[in-house]
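This briefing concerns one protein model and is arranged by topic. Please consult the sequence and the structure shown below while reading.

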Amino acid sequence: MDRSEKITAPRARSRKRNAVGFRVCNSAAMSQSTSEKENSAVTVLKRAIELDNDSRFQNSLVCYQEGIDLLLQVLKATTNDTKKIHYRQKIANYMDRAEEIKKHLDKLKEDGKYHEQIKIPEDATGFSYEKLFKPYLDQFVTEVWVEDPYIRHVHQSGGNSQQSSSLDEIKQSLQSYGVTLELNHSFSIHDREIRFNNGWMIKIGRGLDYFKKTQGRFSIGYCDFDLRQCHETTVDIFHIKHTKNS
């Protein structure tokens with residue numbers, strides 16, 4: 001593919017994505033013991049506080065919500081009255097903070113002032129597509145637009161024929177999950193952005209090609225992108241009202 005070619009997926013519809021995702025999460029939670037759920041809650045809520053302190057409010061809100069859900073499950077399984085009081089107080093405190101963040105985010109979006117920037121350092125790990133995009137995918141997302149002129153390397157897809165074949169395979173696979181993938185090609189546009197129809201827009205300096213190639217199929221990070229090293233890049237996140245008023 002020519003380096004200036006753009007691949008656009010203007011309408012990717014899914015009515016099953018969220019339901020499937022929640023089923024997977026709940027299934028995993030159900031298999032955990034009460035102590036494991038409590039440990040998971042502590043880990044997630046600790047991360048929520050870290051993100052909160054870094055002003056990454058959308059990400060912290062997601063972690064607060066997940067941590068609260070885990071604590072509610074722990075509370076439900078607890079018979080000790082003293083522990084119940086402790087858990088209820090913790091849950092109330094976290095819910096209050098989550099509500100404050102939600103109101104703050106709603107105000108920023110309403111005023112068209114939301115802008116978050118994430119800097120991914122060279123060789124960093126822990127920046128999978130799921131970690132990056134999950135906080136902005138909610139039950140209202142039914143369409144996603146992807147514009148990226150550099151989906152061309154072997155570890156993404158290689159060559160025009162191989163690329164077309166790979167994309168067709170993805171298209172057919174997505175169709176079985178109720179997702180419609182449409183592709184358009186351009187040889188002139190160089191912009192890189194991902195837009196969700198709930199108002200979020202994400203711009204990545206390197207586009208989707210910010211992962212480094214692994215040394216082989218059995219290398220750490222080949223399947224789990226959270227373990228794959230990244231190229232240095234910057235991620236800018238806006239709400240659509242911000243882009244309209246800029």
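In this predicted model, strand β2 (residues 115-120) runs antiparallel to β7, and six bridges join the pair. Strand β6 (residues 200-204) also pairs with β7 in the antiparallel sense, over five bridges.

**Strand β7 and its partners**
- Strand β7 spans residues 233-239, and six of its seven residues are buried, so the strand is largely enclosed by the rest of the structure.
- In the pairing with β2 (residues 115-120), Glu116 stands opposite Ile237 of β7.
- In the pairing with β6 (residues 200-204), Lys203 stands opposite Asp236 of β7.
- In a regular strand, side chains alternate between the two faces of the sheet.

**Ser60 in helix α3**
- Ser60 belongs to helix α3.
- Ser60 counts as buried because its relative accessible area is 0%, and buried means under 20%.
- Leaving aside residues up to four places away in sequence, Ser60 touches Ala48, Leu51, Asp52 and Ile101.

**The second largest pocket**
- The second largest pocket holds about 550 Å³ of space.
- Two or more lining residues come from each of the elements α2 (34-53), α3 (57-77) and α5 (129-133).
- The lining comprises 20 residues, and Arg47, Asn59, Cys63, Glu130 and Lys131 lie nearest the centre of the pocket.
- By residue class, the lining of this pocket consists of nine nonpolar, four polar and seven charged residues.

How values were computed:
Residues are numbered from 1 along each chain as its sequence is written. This is a predicted model: local features need pLDDT of at least 70, side-chain atom pairs count only at pLDDT 80 or more; totals for chains, interfaces and linings use all residues. Side-chain values use heavy atoms; hydrogens and water are left out. On a 1 Å grid over the protein atoms alone, a cavity is a set of points where a 1.4 Å probe fits but cannot get out, and a pocket is an open set with protein on both sides within 12 Å along at least five of seven lines; lining residues have an atom within 4 Å of a point. Grid points are joined across faces, edges and corners, and a volume is the space filled by probe spheres set on the points. Helices (H or I, at least four residues) and strands (E, at least two) are DSSP runs, numbered from the N terminus. Ala, Val, Leu, Ile, Met, Phe, Trp, Tyr, Cys and Pro count as nonpolar, Asp, Glu, Lys and Arg as charged, and the others, Gly among them, as polar. Buried means under 20% relative accessible area, exposed over 50%, partly exposed in between (1.4 Å probe, protein chains only). Contact means heavy atoms within 4.5 Å. Two strands pair if DSSP finds at least two bridges between them.
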